[in-house]
Amino acid sequence: MVSCENMKKGEVYKCQCCEFEIEVKNACDCGTNDNCETHDASHECCEFTCCGKPLVKKG
């Protein structure tokens, strides 16, 4: 599943079902940021889905 800590600036992600696309304007630092309340070693934070399916990297 796509997680914001793995998304890089400039990458485009799209929905597997509809025409929705999103471009990363700024990368996050959840993996190293102690202020991220949802991040821990057991899971990725900020997982993104659309139409019930994970977003996929375009290209």
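A salt bridge is taken here as a side-chain nitrogen of Lys or Arg within 4 Å of a carboxyl oxygen of Asp or Glu, and the structure holds three such salt bridges. The model is a predicted one, in which local features need pLDDT of at least 70 and side-chain atom pairs count only at pLDDT 80 or more, whereas totals for chains, interfaces and linings use all residues. Residues are numbered from 1 along each chain as its sequence is written, and side-chain values use heavy atoms, with hydrogens and water left out.

The secondary structure of the protein amounts to zero helices and five strands, where helices (H or I, at least four residues) and strands (E, at least two) are DSSP runs numbered from the N terminus. The order of elements from the N terminus on is accordingly β-β-β-β-β. Three strands form an open sheet in the order 2-1-5, with antiparallel pairing, two strands being regarded as paired if DSSP finds at least two bridges between them. The edges of this sheet are strand 2 (21-23) and strand 5 (56-57), each of which pairs on one side only. Strand 1 (residues 12-14) is joined to strand 5 by two bridges, and these strands run antiparallel; Y13 stands opposite K57 in strand 5.

Of the 59 residues in the protein, 22% are buried, with buried meaning under 20% relative accessible area, exposed over 50%, and partly exposed in between (1.4 Å probe, protein chains only). The protein exposes about 4300 Å², of which carbon and sulfur atoms supply 48%; accessible areas come from the Shrake-Rupley method with a 1.4 Å probe, and for residues only the protein chains shown count as cover. Among contacts (heavy atoms within 4.5 Å) with a separation of 6 or more, 59% are between residues 24 or more positions apart.

When residues up to four places away in sequence are not counted, C50 touches C15, C18, F20 and L55. F48, found in the loop between strand 2 and strand 3 (49-50), is partly exposed, with a relative accessible area of 33%. Under the exclusion of residues up to four places away in sequence, F48 touches M1, V2, C4, M7, P54 and L55, while the C-alpha atoms of F48 and Y13, 35 residues apart along the chain, are separated by 9.8 Å.

The segment before strand 1 contains G10, which is partly exposed at a relative accessible area of 43%. G10 touches E23 and V24, not counting residues up to four places away in sequence, and the C-alpha atoms of G10 and N26, 16 residues apart along the chain, are separated by 8.0 Å. E11 lies in the segment before strand 1 and counts as buried, at 15% relative accessibility. The side chain of E11 reaches the backbone nitrogen of K8 at 2.9 Å, and E11 touches N6, I22, E23, V24 and K57 when residues up to four places away in sequence are not counted.

Turning to the salt bridges, the side chains of K57 and E11 meet at 3.0 Å, N to O. Since K57 lies in strand 5 and E11 in the segment before strand 1, the pair ties together parts that are 46 residues apart in sequence. K57 is exposed, with a relative accessible area of 52%. A second salt bridge is formed by K58 with E21, the closest N and O atoms being 2.7 Å apart; this pair links distant parts of the chain, with K58 in the segment after strand 5 and E21 in strand 2, 37 residues apart. K58 is partly exposed at 41% relative accessibility, and E21 is partly exposed with a relative accessible area of 40%. The side chains of E23 and K25 also meet in a salt bridge (4.0 Å, N to O), in which E23 counts as partly exposed at 42% relative accessibility and K25 as exposed at 55%.

Notes: A polar contact is a pair of N or O atoms within 3.5 Å; within protein, one must be able to donate a hydrogen and the other to accept it, and residues adjacent in sequence count only if both atoms are side-chain atoms.
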